[in-house]
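Subject: A structure for you to look at

Hello,

Here is the structure I promised to pass on. Please open it next to this message, and I will go through what I found.

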Amino acid sequence: MKERLVIPGRLPGLNEYIAAEREHRQRGARLKRACEDMICYEIARQMRGVRFASPVHMRYLWVEKNRRRDKDNISSMGRKLIQDALVRQKVLANDGWENISGFSDCFAVDGKRPRIEVEIDDETD
C-alpha cells in the first residue's frame, strides 16, 4: 500500500522551535501543538481510514518558497511534527524503529506554492 499526504505551506524549522523554547517552554509546546493540529486536519481530510500495520518507509519532498532555510533545519523539525501527527491520527501505531524502517528527503523551490509532500510506503509491497 502506498499513500500520499500534501501539507500546504511550510512548517517552522528547528531554529524557530528552539527560539520559542528558549523564550518560554510553553511557547514551544504551543507552537508544536498548533502545527500538529494543522497536520492532523490535513491527515483527516486526505487519509480518511488509512492505517499502516507493518513498517513503512517515508519519502518527504520539502518544497520551499526560496532557499533561505538550511535543509536540515527544514526537515528535522518537520519530520518530527508530521510523524507525531500520523501517530496521533492512528495512521501509524507508533513512530519507533518497528514502525518506520527509514525515510528520505528531497528538496525543491516553488515561490508560489510551498508545501510538503509525504509518500508513505508499506514495506510489504
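One definition before the helices: the expected span of a helix is 1.5 Å times one less than its number of residues. Please also keep in mind that this is a predicted model.

**Helix 2**

Helix 2 covers residues 25-46, which makes 22 residues. The buried residues in helix 2 are Gly28, Lys32, Cys35, Glu36, Ile39, Cys40, Glu42 and Ile43. Because they cover an arc of only 160 degrees around the axis, they lie on the same side of helix 2. On the face turned away from that buried side you will find the exposed residues Arg30 and Tyr41.

What lies over the buried residues of helix 2? The cover includes strand 1 (2-8), helix 1 (14-23) and helix 3 (71-88).

Glu42 is a residue of helix 2 that I looked at in more detail. Its relative accessible area is 7%, and buried means under 20%, so Glu42 counts as buried. The side chain of Glu42 makes a polar contact of 2.8 Å with the side chain of Gln46. Setting aside neighbours within four places in sequence, Glu42 is in contact with Leu5, Val6, Pro8 and Met47.

The model has an open sheet of 4 strands in the order 1-4-2-3, with mixed pairing. Strand 1 and strand 3 (100-109) are the edge strands, each pairing on one side only. On average, neighbouring strands of this sheet are turned by 15 degrees against each other, direction ignored. Helix 3 packs on the sheet and touches strand 1, strand 2 (56-64), strand 3 and strand 4. The direction of helix 3 makes about 130 degrees with that of strand 2.

Strand 1 and strand 4 (residues 115-122) run antiparallel and are joined by 7 bridges. Leu5, for instance, has Val118 in strand 4 as its bridge partner. Leu5 is also one of the residues in contact with Glu42.

Two other strand residues may interest you. Asp121 sits in strand 4 and has a relative accessible area of 11%, so it is buried. Not counting residues up to four places away in sequence, Asp121 touches Met1, Lys2, Pro55, Val56, His57 and Arg59. Val109 belongs to strand 3 and is partly exposed, with a relative accessible area of 42%. Along the chain, Val109 and Lys65 are 44 residues apart, while their C-alpha atoms are separated by 5.5 Å. Lys65 is among the residues that Val109 touches, as are Val63, Glu64, Asn66 and Arg67, with residues up to four places away in sequence not counted.

Gly13 lies in the loop between strand 1 and helix 1. With a relative accessibility of 0%, Gly13 counts as buried. Gly13 touches Arg69, Asn73 and Met77, leaving out residues up to four places away in sequence. Gly13 and Ser76 are 63 residues apart in sequence, but 7.6 Å apart in space, C-alpha to C-alpha.

Finally, have a look at the loop between helix 3 and strand 3, where Lys90 lies. Just after helix 3, Lys90 takes a positive phi of about 65 degrees. Most residues other than glycine have a negative phi. Is Lys90 buried or exposed? Lys90 is exposed, with a relative accessible area of 55%.

Best wishes

How values were computed. Residues numbered from 1 in each chain as written. Predicted model: local features only at pLDDT ≥ 70, side-chain atom pairs only at ≥ 80, totals over all residues. Heavy atoms only, no water. Buried < 20%, exposed > 50% of the residue type's maximum accessible area, 1.4 Å probe, protein only. Arc of directions from axis to C-beta. Contact = heavy atoms within 4.5 Å. Polar contact = N/O pair within 3.5 Å; in protein donor to acceptor, adjacent residues only side chain to side chain. Pairing = 2+ DSSP bridges. Axes fitted to C-alpha atoms, helices over the stretch in contact; angles between N-to-C directions.
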